[in-house]
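This report walks through one protein chain, from its overall make-up to selected local features. The structure comes first.

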Amino acid sequence: MIPAKIDPFSITTISKKSVESIFDWFDHHKQTFYTLGWSYLSNQQQMEELFYRSILKVHKELPRFKSETSFETWVTSIFIHTCRELCNERSLQVSEESEPRQDIFKALDQLKEYEKEAVALTYVKGLSHEEAAHLLQVSVEKMKELLFSGIQSLRKVMGYGSHYNGCKEYHKDYIDYLERTLDRSKKVDFEIHIYHCQDCQDDLAFFQDVMLTMQNLTEEIENLHVPEDLMGNVKARLADKEEHRQQKNKKRLRVGIILASFFALLIGIEVFTGTFTSLYYTWTEKDQELRPFLQQDLGERLNIEAESDGVKIKIRSAIADDIQTLVFYEIEDTNDENQYMMNYDDGVFVENELEIMNTVGHPRYYPPDLKSNVNNKKKNVYQGKISLLPLKTENGTIKLKITKLLKLMRDSSDQNDINANENIGYETGEWNFEIPVTKQPSVEYALNEETEVEGVPVRFDKLTIAPTATILQYGINNENPEKMIDVLNFENLGVNNKKVKPDMYGSSFMDSQQDMNWTSFQTNFDPLFGEKPKEVNVQLGSINLTFQDPKTIELDVAKQYPQTFEYAGSTISIDKLEVGQPSIIVISDHEIKNRAYEALNFNIVGENENDPVSMEMNSDGVLVDKNGIEYDTNDTPVSFEEIERPRYFVTVQTMKIDGNGAGEKVIPKRLQIFGYSATKYLDDVVKISFK
């Protein structure tokens, strides 16, 4: 019998040595976690932040670790959650600096979130289906479905016979058959069918090619070396944080509770009517966002205070439901004219999160509001709100700990904008709160409406009216790969005589579809405050489409460049083709008026298609709003949130290509275009009636 491998960093040792020992554990396992991180992120700065945050989170959650699962699996779940956070933060930026990455990670970037995670956990981290399913909180069968759809998506990206389609009723058996875990009776039936079906033979063969490519990632992973200074930088940051924490612990915090006024007290004991409650808060509550919740008796004023180094934080109220826990706060700098805001999971932690909150949920992002009257009155006071995870209990006390605040930098030329060119500032300290909350009820309404948007079937499944948000759940048919809707954007949602706007950051993919031919999504809208729907009007705004339109352009280094070719009704120029270390290719199309595409989906192939290459890609482009106004992001900082339905047209694409071997040159031979993406504006209204 081969003895089991013993991990020198046991959970007992880690518990005793705290952050230092957790760092040592990560340092010992850094290779696999570093590789997993590259499945999400694109540069070393993000990777350093990933390890830093993960170590702190493991330290914070360590007392709640239970031995039902292995310590490594538990840490991996925290690591994955942190990857998602950093990936979401990255997606909010219009552009960013990225570093060369292996082709397989670039291919993974093009998958849907849960597909990518299923593939990465299975083939990059090497987990079993059961372990990966546990981490993603799905069934093993659902895990296999995600793995199947992920491999199918990789086929399209990697060009492995994407035009072959086998019989759909046998798709569910592909993975079990190739992994030799299919039941004997099903295996016999499957092999008989395969023997007589040429389409399934071809489809399965190409599916197997991609699966084998993923299974043979060992060499790719070994070539992905962890930089020597990465863990050293992380350790230095942890040491600085610990020193700062010890200094802050010497200072006493002042936590006070301000009593409600006489009228609020009377309202709390139900002396006055609900009508007076509404009028009372109209007179006394200046925060226009908090006021409607108080008028509807969905929360109460709390005004819990804590102060550290002259910065005072006041928790004004907290509203909880099945969607999120919304915390309204005020931050005052008593020493200087600074404004600060809270940023979830960046110095803002719920210490008892696992006990009272539903960790399957996703907090919403609320950008800073510097245009409101209240935030323009005083330069040292900021009122805002932050979204936390929803409650899983009917009521409870949130133990909120804050150690860092984000300093808001205003552009001197426009006092309502945050200057994107300024260095982000922070204020550190320690503020602790115990916030009482009661979960408010939500109402779900089943919908049964199907329509077509640009020829693609779309169905509306469910409407949820919660105190803090209105949620529309819908599905998009994905059976036609030649034309697919990636994102459906809404203008507004009309319920009875009220219209609510969608949240710019409130749309998400849902892991709930039962039919593999449909992809489920949900979009958050502003709250309706208990409105019972009689009729719903869904006003569509725009869609982001992907078109499959393959074309191969032969490249010849002996030719003089620029050279042009026609594609999707446009004339595209190959401005530069230069062989070296790296080889450089530049393509451009500056004519964006009436252009069919916004960005191309393509790949560069060298002389030997089987030789692995590394490609770094940079692009320039122009933002165009719905009215045709152009914004050059290279000339002037652009507030992306303020542009109406923006489209980003790529005008110049620069590729730097290297061979994976030392000193290897890559001679580009073909430009393979798979298709393109585009945005179309809509004015359709879908009417849904209720009986």
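## Basis

Helices (H or I, at least four residues) and strands (E, at least two) are DSSP runs, numbered from the N terminus. This is a predicted model: local features need pLDDT of at least 70, side-chain atom pairs count only at pLDDT 80 or more, and totals for chains, interfaces and linings use all residues. Residues are numbered from 1 along each chain as its sequence is written, and side-chain values use heavy atoms, with hydrogens and water left out.

## Overall make-up

The protein chain has 18 helices and 29 strands. Of its 691 residues, 47% count as buried (under 20% relative accessible area; exposed is over 50%, partly exposed in between; 1.4 Å probe, protein chains only). Contact means heavy atoms within 4.5 Å. Among contacts between residues at least 6 apart in sequence, 72% join residues at least 24 apart.

H6 has 11 of its 12 residues buried, so it is largely enclosed by the rest of the structure. Among them are Tyr114, Ala118 and Leu121. Just after H6, Gly126 takes a positive phi of about 80°.

H6 (residues 113-124) packs on H7 (residues 129-136) at an angle of about 140°, with the axes 9 Å apart. Axes are lines fitted to C-alpha atoms, for helices over the stretch in contact, and angles run from 0 to 180 degrees between N-to-C directions. The two helices are therefore oblique to each other (under 35 degrees is roughly parallel, over 145 roughly antiparallel, 65 to 115 roughly perpendicular, the rest oblique). H6 contributes Tyr114, Glu117, Ala118, Leu121 and Thr122 to the contact; H7 contributes His129, Ala132, Leu135 and Leu136.

## Lys439

Lys439 sits in the loop between strand E12 (425-438) and strand E13 (443-453). Lys439 counts as buried because its relative accessible area is 14%. Its side chain reaches the backbone oxygen of Leu391 at 3.5 Å. Beyond neighbours within four places in sequence, the contacts of Lys439 include Ala320, Asp321, Asp322 and Leu391.

## Loop backbone

Glu454 lies in the loop between E13 and strand E14 (456-465). Its phi is near 55°, positive in a residue other than glycine. Glu454 is partly exposed, at 32% relative accessibility. Asp309, in the loop between strand E3 (304-308) and strand E4 (311-320), has a positive phi of about 50° although it is not a glycine.

Tyr561 and Pro562 are joined by a cis peptide bond, with omega about 20°. The peptide bond from Gln581 to Pro582 is cis, with omega near 5°.

Note on methods:
A polar contact is a pair of N or O atoms within 3.5 Å; within protein, one must be able to donate a hydrogen and the other to accept it, and residues adjacent in sequence count only if both atoms are side-chain atoms.
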